[in-house]
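Grab a viewer and work through these exercises with the model open. Each task comes with a solution that goes step by step.

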Amino acid sequence: MTLSTPRTPSTTIRRAGVAVLTAGVFVLAGCTASSSPLPGGSAAPTTTAPTPGGTLTFARTQSPTSLDLHTQITANNAFAIDKIFEPLLSFDAQGEIEPWLASEYSSSEDGLVWTFTLRPGVQFSTGDAVTPEDVVYSLNRHLEVGGPLPLHAPITSIEASGTDTVVITLSEAYTPFAAELAGFSNGILPAGLGGVDEETFFKDPVGTGPFVVDSWTEGGDISFTKNEHYWQDGKPYLDAVVYSLVQDDNQLVAQLQSGQVDVIDTVASANVATLESNASLTVSTTPSWVVEEVFFNTLDEHFADRDVRRAVSYALDREGIVAATSFGTAEVAGSVLPPSIPGYDASIDSLSYDVDAAKAAIAASAYPEGFTTTLLVASGNSLRAQEAQIIQAQLAEIGITVEIESIDLAAFRERFRAFDFSFMINSATSDVADPNGIVTFQADPAGGTNGYWTHYDNPEVTALIAQGRTLPDGADRTAVYSQIQAMIAADAPFIPLSYPSNIKAAQATVQGLTVLPNGSVRLQDTWLTR
Amino acid sequence: MTAIGSTQQGPGAQAGTGAAGEVARGAGPLWRRMARTPAFVAGAVITATVVLAALLAPVLATHDPAAQNLLGGLQAPSGEHWLGTDQLGRDIYSRLLYAARTDLRIAGLAVIIPFIVGVLVGTTSGYVGGAYDWVVSRVVDTVVAFPFYVIVVAVVFAVGAGEQGISVALALVGWVTYARVLRATTAVHASSGWVAAARGGGLSHARILVRHILPNTLTQAIVLLMNDIVFVIVAVVTLSYLGLGVQPPTADWGTMISDGQAFVATKWWLSVIPGAAVVWTGIGLSLLGDGIGDVWRVE
């Protein structure tokens, strides 16, 4: 189990990262160097200085159920957690690792000893200084708890040294270590939870992040107030942030248009054109670490058959799906890794659309006459509803009768976590710009999510994943990941459909909303014009 | 409907004992009354267009309503696709026709059971009275106390989305309306002199109920039925709009409206056309219901 990094998949959007732009002034779209088409109009990057104050209402279709960073993985929780707790390292809008609570870090020549120097002056929201002991406690707790995003690095010791240094020793080289530490689940909390029990602590957590919980209804809205002791001077600009729970993506758009909310967490691709035409709104489209996929429960009687899964892969016209549903905001997928992650290989055989091959595969399977099955999707997501209908029609061509079961997002998560599904449409999001993360949680049986709830287990792939963790960055490591991608595509435990963009929309008064590739936003950089 | 109508007694028959004897009377005058009632005529014509569209969908449709063309989505109306195509490239005109089938079929099925149950329960409760009536009334009051959609959505969640869920949910809720009305009108008749006279003349309770009282109370139930169909169609469309109703790929107006919602600003017809179909059907059935009431109230 020394796996590595992982991240999680969540259903949809995940973590929230907030990145800050260090320099401060970006505007919504300004975030990445990527293709960000921003919006329409008004929000062009401004040169005015940020104005402090105000409350930002941020609408999402999901709400936090737990703020325990060590036991959570899905976006509803992750992107609340990352406003409260911060890790030693972080990553920016381009996915580049950057120092965060540690102002410097280095590793020994052999990659076994990692030294982190804490940034001077960092305090918890209580005003207490962050000490090396807090770091030791936090990482040890994560090692103990494990959770869905465990620390996979082969850590043998975590020690405090002096007043500002932490030394972590590994038993063998672990290339993705810095990337792993930059995940939200490696945030720093006060040693001993500040003396309270876990339940109490995670109701009103203490961290170093830009915001602290003000009030929270489990499964409903959560509001934050600014952390007065935040380590970045003058930030956060906002006095408060409210995560408002909204029923579905049509409601998100309606509430944004009517001015009830300032930012919406996700925009259905079909709505992008409408929002862009509204001068009082801005739309941000940035590259993401998200992969939209069909996931099979490989314990299901039909989908346990590799030929059946391959038949489905051949039967799906991914070009058509992307053309009909993305309105130019997504790319056709082939690999389990998105192109924004190093190691992505576009050249693998992804079993793309080929009806004859699909028929041959189903004929070779245990179900040559086809069968009836159920596709599980979360309701309230217009993209998934359309994708499901396409999949239903295309699988009918090879004799597979698909019933679509559309259930509420919270129930959907319960269902797939209990392996109570045959196949589903969902998305996976890497948490780090390293290929180890996504392949670990999707394909390593010890990755924390049982292959993203597919129960996929191919020992050869598992061995390659382990190899990828120890090889230093370079051609050899890249070759290993190419092999992993090809083998996964051939086994087809999941079928990547598309690589969507992160699409968010906001009132034009919202400035400096940095969107991270994992779908989170850095709200400490955000301010409101009056 | 004519069959039912012809057995119907006008209120004038109440005074007599022998409503049944007059069954044959009505055809001529009834038809004339119908023709003279504008609401009835308009309602019948409008409803007929919808029913015909539904019945003849396979003939009238130009495309397979479920056939997708992923590269030909969201086309504007044209010679090839009279009302354009939806996001998945399906022909909207053809889907509209098949959706009429779906929605009328579900609505028809979903009102029949509540109608029968409600009429039975209401009539017996109004006639028998006593403890039975008390129990029925409390049950009815309880169901009525819940907001309609709250209880329907809850039932659909429990039973599962789809046609079956809709039918069960609407049946559980829908019968109370009939039961209330029938109970009240039956009670009035049951206490009247002609019923006592009929009993005195040796007629059984069953005969009095079925042959004499029911013909006098059923009119109201039928008027109610027409309005209820409208209501149920709207409910089916609403549930489908919420994703709890008709499941894909079956075409229905609610999912068509819902699917088109994202494009309201740019391709308004996607939602407006199925919406207009719902309105048209609703107007037709409402007028028909009113018309039937008018026709039978004339005397």
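## Exercise 1: a sheet in chain A

Start with one pair: I168(A) of β7(A) is the bridge partner of I158(A). The model is predicted, and local features need pLDDT of at least 70, side-chain atom pairs count only at pLDDT 80 or more, while totals for chains, interfaces and linings use all residues. Residues are numbered from 1 along each chain as its sequence is written, with chains lettered from A and ligands numbered from 1 in the order in which they are written.

Task: work out in which order the strands of the open sheet run.

Step 1. β6(A) and β7(A) (165-170) pair in the antiparallel sense over 6 bridges; strands pair if DSSP finds at least two bridges between them. Strands are DSSP runs of E with at least two residues, helices runs of H or I with at least four, numbered from the N terminus.

Step 2. The open sheet has 4 strands in the order β4-β5-β7-β6 (chain A), with antiparallel pairing.

Step 3. β4 (102-107) and β6 (155-161) of chain A are the edge strands, each pairing on one side only.

Step 4. On average, neighbouring strands are turned by 15 degrees against each other, direction ignored.

Step 5. Helix α2 (132-145) of chain A lies across β5 (113-118), β6 and β7 of chain A, at about 160 degrees to β6(A). Axes are lines fitted to C-alpha atoms, for helices over the stretch in contact, and angles run from 0 to 180 degrees between N-to-C directions.

## Exercise 2: two helices in chain B

Task: describe how α7(B) and α8(B) cross.

Step 1. The axes of α7(B) (148-159) and α8(B) (163-190) come within 8 Å and cross at roughly 140 degrees.

Step 2. That angle makes α7(B) oblique to α8(B), because angles under 35 degrees count as roughly parallel, over 145 as roughly antiparallel, 65 to 115 as roughly perpendicular and the rest as oblique.

Step 3. Now the residues: F148(B), I151(B) and V152(B) are among those of α7(B) that meet α8(B), whose side includes Q164(B), G165(B) and I166(B). Nonpolar covers Ala, Val, Leu, Ile, Met, Phe, Trp, Tyr, Cys and Pro, charged covers Asp, Glu, Lys and Arg, and the others, Gly among them, are polar.

## Exercise 3: between the chains

Task: find how many residues of chain B are in contact with chain A.

Step 1. Residues are in contact if their C-beta atoms, placed from the backbone, lie within 7 Å.

Step 2. By that test, 17 residues of chain B are in contact with 21 residues of chain A.

Step 3. The chain B side divides into 9 nonpolar, 8 polar and no charged residues.

Terms used: Two residues are in contact if their C-beta atoms, placed from the backbone, lie within 7 Å.
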